[in-house]
Structures are given as structure tokens and as C-alpha cells.
Amino acid sequence: LWLFSVPASTVNAALDYFNKNLTMLFRRRLTEHFNKKYLDKMIYYQICNLDNRIKNPDQRLTQDIEKWATSLSNLYSNFTKPLLDIILLSRKLAELVGWEGPTMMIAWYFISGIFIRFITPTFGKLVAKQQDLEGKFRSYHSDILKHSEEIAFYNGSRWERRKINNSYDELHQHISKTMNARFYMGIFDSMITKYGATLVGYTVLGLPVFGRNSEEYLSTVSDDP
């Protein structure tokens with residue numbers, strides 16, 4: 001009860017604070033776990049020199065772990081809070097207009113969710129490819145720092161510049177593709193979940209007047225238009 005009397009801005013600030021703390025805990029545990037595996041039995045040597053199946057281990061052990069921990073902590077809060085909101089809203093709505101109202105709302109979001117699922121691109125694969133291209137672009141710069149003397153000796157600046165520019169062009173094209181996909185999906189999402197849900201909401205609000213129990217409701221207001 002105390003939680004519902006707190007302003008929404010305060011609740012959001014508290015959720016953001018706990019999300020960040022949860023992210024730090026996830027990242028610490030993951031970092032310690034993978035560092036133990038990475039630095040055990042010369043695994044680091046095998047990854048860097050004998051087995052090239054794991055690309056850019058430095059990025060995977062730093063940036064990828066941080067992003068994964070952030071996504072996991074956000075998933076926890078983004079799942080529990082809306083679930084609580086749905087339960088409370090459905091209960092209150094059922095008291096006012098009956099269970100037909102919550103059923104219509106839940107059915108609409110279920111159907112629209114299935115439709116969006118079919119038209120949504122595989123953003124997971126797009127993000128994974130972007131991370132791979134980011135690591136590739138970063139590794140090229142690391143190679144220049146590592147082999148700067150050899151590059152200068154063989155006058156390979158032009159070749160290295162072309163290689164880096166090509167890598168960035170590939171990364172840029174992929175990011176543009178992902179941004180366009182998110183833009184078009186945002187349009188569909190707004191049309192379906194925002195405006196469609198508004199229409200369903202008006203329908204739910206009209207249930208007392210136009211629903212099966214309309215006569216009982218109208219009698220309580222003395223048939224006032």
C-alpha cells in the first residue's frame with residue numbers, strides 16, 4: 001500500500017537504482033567466472049594461437065559481458081513490473097465492467113503479439129552480427145598498434161587504411177539496416193499496440209452501456225443519456 005502512494009517518478013528512480021545494482025552483481029559474477037576459465041590451463045593461449053573459433057575474446061570478456069548483464073537485469077524488471085500491473089488492472093477493471101473487459105484487453109494484446117512476432121525481424125541475430133563487426137573493427141585498430149613498426153617498415157599504411165575503411169563501411173551498412181528495421185517496426189508497433197489498444201479500450205468503456213448487462217447499468221443512472 002505504501003508503494004502505491006509513492007509518486008511514479010520516485011518508483012522509477014528506485015527501479016533504475018536497483019537495476020543498476022543488479023547489473024553490477026551479474027557482471028561481477030560473470031567476470032569472475034569467465035576470468036577463471038580464461039586464465040586456467042593456458043586457455044588464453046589456445047584461444048589466441050591454436051583455436052580461432054572464438055573471435056575477439058577481449059571484447060567478449062569486457063563489453064559483451066557488460067551488455068549481457070544489463071539486458072538480463074532489465075529483463076527481470078521489465079517482466080515482473082508489467083505482470084503486477086496487469087494483475088492489478090485486470091482485477092480493478094473486472095470489478096467495474098466485469099471480466100469481459102480484461103478478457104478483451106488480454107485477447108487483443110495476445111493476438112497483436114502473435115502478429116508482431118511474425119513480422120518482426122530477428123533483432124537478436126542483427127545485434128549479434130553488429131557486435132561481431134564492432135569487434136572486428138576494433139581488432140584492426142589493435143593490430144595497427146601491435147604491428148605499427150612492421151607496417152611502417154613495409155609502407156603498408158594505404159593497405160591498412162583500406163582494410164579499416166572497408167570494415168567500418170560494413171559495420172555502417174549493418175547499423176543502417178538495423179536502424180531501418182527498428183524504424184518500420186516502431187510504426188507497426190504504434191499502429192497495432194497503441195491505436196489498436198485505444199480502440200479496444202473504448203470498446204471496454206462502452207460495455208456497461210452497450211454490453212449484456214446494459215439494462216441493469218442504465219437503471220442505476222435512471223436512463224440518463
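## A nonpolar patch

Phe 115 lies in helix α5. The model is predicted. At 43% relative accessibility, Phe 115 is partly exposed, because that value falls between the 20% and 50% cut-offs.

Phe 115 belongs to a nonpolar surface patch of about 1,300 Å². Its other members include Phe 110, Ile 111, Ile 114 and Phe 118. Phe 183, Tyr 184, Ile 187 and Tyr 195 are also among them. Two helices, α5 (100–119) and α8 (157–205), each supply at least two residues of the patch.

Side chains of opposite charge can pair when their charged atoms come close. The structure holds 4 salt bridges.

One of them joins Asp 16 to Lys 20, with the closest N and O atoms 3.4 Å apart. The two residues sit 4 residues apart in helix α1 (residues 8–38), so about one helical turn separates them. Asp 16 is partly exposed at 39% relative accessibility. Lys 20 is exposed at 52%.

Another salt bridge links Glu 32 and Arg 28, at 3.2 Å from N to O. Both residues lie in helix α1, 4 residues apart, or about one turn of the helix. Glu 32 is partly exposed, with a relative accessible area of 44%. Arg 28 is exposed, at 57%.

Is Glu 160 buried or exposed? Glu 160 counts as buried, because its relative accessibility is 11% and the cut-off for buried is under 20%.

Conventions. Residues are numbered from 1 along each chain as its sequence is written. This is a predicted model: local features need pLDDT of at least 70, side-chain atom pairs count only at pLDDT 80 or more; totals for chains, interfaces and linings use all residues. Side-chain values use heavy atoms; hydrogens and water are left out. Patches are made of residues with over 30% relative accessible area and no salt bridge: like charges are joined within 9 Å, nonpolar side chains (Val, Leu, Ile, Met, Phe, Trp, Tyr) within 5 Å. Accessible areas come from the Shrake-Rupley method with a 1.4 Å probe; for residues, only the protein chains shown count as cover. A salt bridge is a side-chain nitrogen of Lys or Arg within 4 Å of a carboxyl oxygen of Asp or Glu. Buried means under 20% relative accessible area, exposed over 50%, partly exposed in between (1.4 Å probe, protein chains only).
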